[in-house]
Amino acid sequence: MTLHLTGPALRFFEISRSLQPARQVNAVVRPQEGAPVGLFVHLVGNFECLRCRRKSTDRIQTKLLRHEADNSCRDYRVGDAEELVGLGDYCPLDPWDDRSPLVVVVGEWDCRNCGLGWQWAKATFEVRPVAGDPIATLRELVDFRPWQAADLVGVNFADEWLAAFSGLWASGAKYNWFEGIEQWRARPLAERRERVAAGFRQWCREIAGVSHEAEPNASADGGRDSGSS
Ligand SMILES: [Zn+2]
């Protein structure tokens, strides 16, 4: 379907488009119809759209797991294991001690029903140290909506574009991964969480047209999905 963008939505669309060349260097390469694509794999899960509430099975492109010629574009679901190779492209939050569990916010995925992109998922891995890269087994893959700073407690790493809600990366042509990640690392953990949650709420209001108060499951627990929808 065609997505009609006006006002803030259009601005955001332009910004995100202008960021894509940087993203192609740093992390995920988006496939374009008919064009050759870089190597990546997918994390596959069942997600619920933030806006239209439609549930669907979606694929999240990632370089977090080994992505070589023999497994490029392979789908990984809960229970599947692969070498963990890409944490360096993610933004650190709760310190990770190299042991299980490892919690990474991955993204993003687009709703096929209403077209809303920029949606996130929380991936929990069991990690087994071996010689070379550790082996990560996907144990859980669920919707992730950081309404409050507290929702980021327990997250070890976040996708760079979720972290960018912090405002610590310049937007558009001034975007620079290295400058932003330096700013990110320099901020206390609590401030990183606060900034991401504040940026996410603003994006939800201005772009997605969803407010925290309107969430059916909004409550003192920060709006986590209670599964009662
Ligand atoms: Zn939707």
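Two strands are treated as paired if DSSP finds at least two bridges between them, and the helices (H or I, at least four residues) and strands (E, at least two) are themselves DSSP runs, numbered from the N terminus. The structure shown is a predicted model, in which local features need pLDDT of at least 70 and side-chain atom pairs count only at pLDDT 80 or more, while totals for chains, interfaces and linings use all residues. Residues are numbered from 1 along each chain as its sequence is written.

**View 1. The whole chain, with its order of elements and its confidence.** The chain has four helices and nine strands, which run α-β-β-β-β-β-β-β-β-β-α-α-α from the N terminus on. The mean pLDDT (the predictor's confidence in each residue, from 0 to 100) is 83 for the chain, and 76% of its residues reach 70 or more. Over residues 1-36 the pLDDT is below 50, and this stretch has 32 contacts in the model beyond near neighbours in sequence, a contact being a pair of residues whose C-beta atoms, placed from the backbone, lie within 7 Å. Residues 219-229 also have a pLDDT below 50, with 17 contacts beyond near neighbours in sequence. Where pLDDT is low, the predicted coordinates should not be read in detail. Of the contacts in the chain with a separation of 6 or more, 65% are between residues 24 or more positions apart.

**View 2. The open sheet of six strands.** The strands of this sheet follow the order E4-E8-E7-E6-E9-E5, with mixed pairing. E4 and E5 (91-92) stand at the edges with a single partner strand each, so one side of each is left without a neighbour in the sheet. Strand E4 (residues 81-83) runs antiparallel to E8 and is joined to it by three bridges, with Glu-83 standing opposite Ile-135 in E8. E6 and E9, by contrast, pair in the parallel sense over two bridges, and the bridge partner of Val-104 in E9 is Phe-157.

**View 3. The hairpin of E7 and E8.** Nine bridges join these two strands, which run antiparallel, and Phe-125 has Leu-138 in E8 as its bridge partner. Six residues lie between the strands of the hairpin, and Gly-132 in the turn has a positive phi of about 90°.

**View 4. The open sheet of three strands.** Here the order is E2-E1-E3, again with mixed pairing. E2 and E3 (75-76) are the edge strands, and because each has a single partner strand, one side of each is left without a neighbour in the sheet. E1 and E2 (residues 55-62) pair in the antiparallel sense over eight bridges, and the bridge partner of His-42 in E2 is Gln-61. The hairpin that E1 and E2 form has six residues between its strands, and in it Arg-53 takes a positive phi near 70°. E1 and E3 run parallel and are joined by two bridges, with Leu-43 opposite Tyr-76 in E3.

**View 5. The largest nonpolar core and the surroundings of Ala-121.** A nonpolar core is a set of buried Ala, Val, Leu, Ile, Met, Phe, Trp, Tyr and Cys residues joined through C-beta atoms within 7 Å; a residue is buried if 20 or more other C-beta atoms lie within 10 Å of its own, exposed if 12 or fewer, and partly exposed in between, with C-beta atoms placed from the backbone. The largest such core has 46 residues, and those with the most contacts inside it are Val-104, Val-105, Val-106, Ala-121, Ala-123 and Ala-158. Among the elements that give two or more residues to this core are strands E1 (41-48), E6 (102-109), E7 (119-128) and E8 (135-144), together with helix H4 (189-208). Not counting residues up to four places away in sequence, Ala-121 touches several residues, including Phe-47, Ile-60, Val-106, Trp-109, Leu-141 and Asp-143. Asp-143, which lies in strand E8, is 22 residues from Ala-121 in sequence but 4.5 Å from it in space, C-alpha to C-alpha. Asp-143 counts as partly exposed because it has 18 C-beta neighbours inside 10 Å.

**View 6. Helix H4 and its buried face.** In H4, Arg-192, Arg-193, Val-196, Ala-197, Phe-200, Cys-204, Ile-207 and Ala-208 are buried. Seen down the axis of H4, its buried residues fall within an arc of 135°, so they line one face of the helix; the arc is that of the directions from the helix axis to the C-beta atoms. Just after H4, Gly-209 takes a positive phi of about 70°.

Terms used. Contact = placed C-beta atoms within 7 Å.
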